[in-house]
Amino acid sequence: KGLPPILIEDISPPRGGPVLKGHASHQNGLDIDISFLIPEKPLSLQARQKRPEISFVEADKKTLKAIWGDYQTQLLVTTASSNRINRVFVAPAIKKYVCEKYPEAPWLYKVRAWWGHEDHLHA
C-alpha cells in the first residue's frame with residue numbers, strides 16, 4: 001500500500017498465552033498491536049522496549065493531536081480494509097475522526113472505540 005515499514009508492538013503467540021506487557025486481550029493467538037509511530041529505522045528488541053509511548057490524542061480525549069497525519073490514517077484504513085481483519089480497536093477520538101472522514105466506508109464497522117489505544121491500533 002506504499003506505507004513505510006510498520007512497528008509491531010505486541011503480537012500474541014500462535015496458540016495464545018501471556019505476552020510481554022500482559023495483555024489479557026492477546027490470549028487467543030490472533031491479536032496484534034501496531035504502533036501509529038513511523039519507525040525511522042528497524043529497532044532492536046531493547047530499543048522497542050524502551051521506546052516511550054506517544055499519545056496521538058489530546059488531553060481532552062476528544063480530539064487528535066497535530067502529529068496525527070496521513071501515515072496514521074492510511075495505516076488504520078489499510079488494516080480495517082483487510083478481509084483478514086474482523087475488528088480494530090482505537091481510541092475514541094480516532095474512531096470519531098475516521099467516522100467523520102469516511103462516513104460511508106464499508107470497513108468502518110470494524111473500527112471500535114476502546115480505551116488505551118491512543119498510540120497504537122489493536123487488530
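Is Glu-100 buried or exposed? Glu-100 is exposed, with a relative accessible area of 55%; here buried means under 20% relative accessible area, exposed over 50%, and partly exposed in between (1.4 Å probe, protein chains only). The model is predicted, so local features need pLDDT of at least 70 and side-chain atom pairs count only at pLDDT 80 or more, while totals for chains, interfaces and linings use all residues. Residues are numbered from 1 along each chain as its sequence is written, and side-chain values use heavy atoms, with hydrogens and water left out.

**Overall organisation.** The chain contains three helices and five strands, arranged from the N terminus as β-β-α-α-β-α-β-β. Helices (H or I, at least four residues) and strands (E, at least two) are DSSP runs, numbered from the N terminus. Of the 123 residues, 41% count as buried. The chain exposes about 7700 Å², of which carbon and sulfur atoms supply 57%; the areas come from the Shrake-Rupley method with a 1.4 Å probe, and for residues only the protein chains shown count as cover. Among contacts (heavy atoms within 4.5 Å) with a separation of 6 or more, 61% join residues 24 or more positions apart.

Helix α2 has 12 residues and reaches 16 Å from its first C-alpha to its last, close to the 16 Å expected at 1.5 Å a residue; the expected span is 1.5 Å times one less than the number of residues.

| Helix | Buried residues | Cover includes |
|---|---|---|
| α2 (70-81) | Tyr-71, Gln-72, Thr-73, Leu-75, Leu-76, Val-77, Thr-79, Ala-80 | β2, β3 (88-90), α3 (92-101), β4 (111-113), β5 (120-122) |
| α3 (92-101) | Ala-93, Ile-94, Lys-95, Val-98 | α2, β3, β4 |

**The salt bridge.** A salt bridge is a side-chain nitrogen of Lys or Arg within 4 Å of a carboxyl oxygen of Asp or Glu, and the count comes to one. The side chains of Glu-100 and Lys-96 form a salt bridge at 3.6 Å, N to O. Because they are four residues apart in helix α3, Glu-100 and Lys-96 are separated by about one helical turn. Lys-96 counts as partly exposed, at 42% relative accessibility.

**The nonpolar core.** A nonpolar core is a set of buried Ala, Val, Leu, Ile, Met, Phe, Trp, Tyr and Cys residues joined through side-chain atoms within 4.5 Å. Of the 25 residues in the largest such core, Phe-36, Leu-76, Val-90, Ile-94, Trp-107 and Leu-121 touch the most other members. Elements β2, α2, β3 and α3 each supply at least two residues of this core, and its largest share, five residues, comes from α2. Not counting residues up to four places away in sequence, Trp-107 touches Val-77, Ala-80, Ser-81, Val-98 and Tyr-102.

**Two further residues.** Ser-35 lies in strand β2 (residues 32-35) and is buried, with a relative accessible area of 0%. Leaving aside neighbours within four places in sequence, Ser-35 is in contact with Leu-7, Glu-9, Arg-51, Leu-75, Asp-119 and His-120. Ile-67, in the loop between α1 (45-50) and α2, is partly exposed at 46% relative accessible area. Ile-67 touches Ile-54, Ser-55, Phe-56 and Gln-72, again not counting residues up to four places away in sequence. Ile-67 and Ile-54 are 13 residues apart in sequence and 9.8 Å apart in space, C-alpha to C-alpha.
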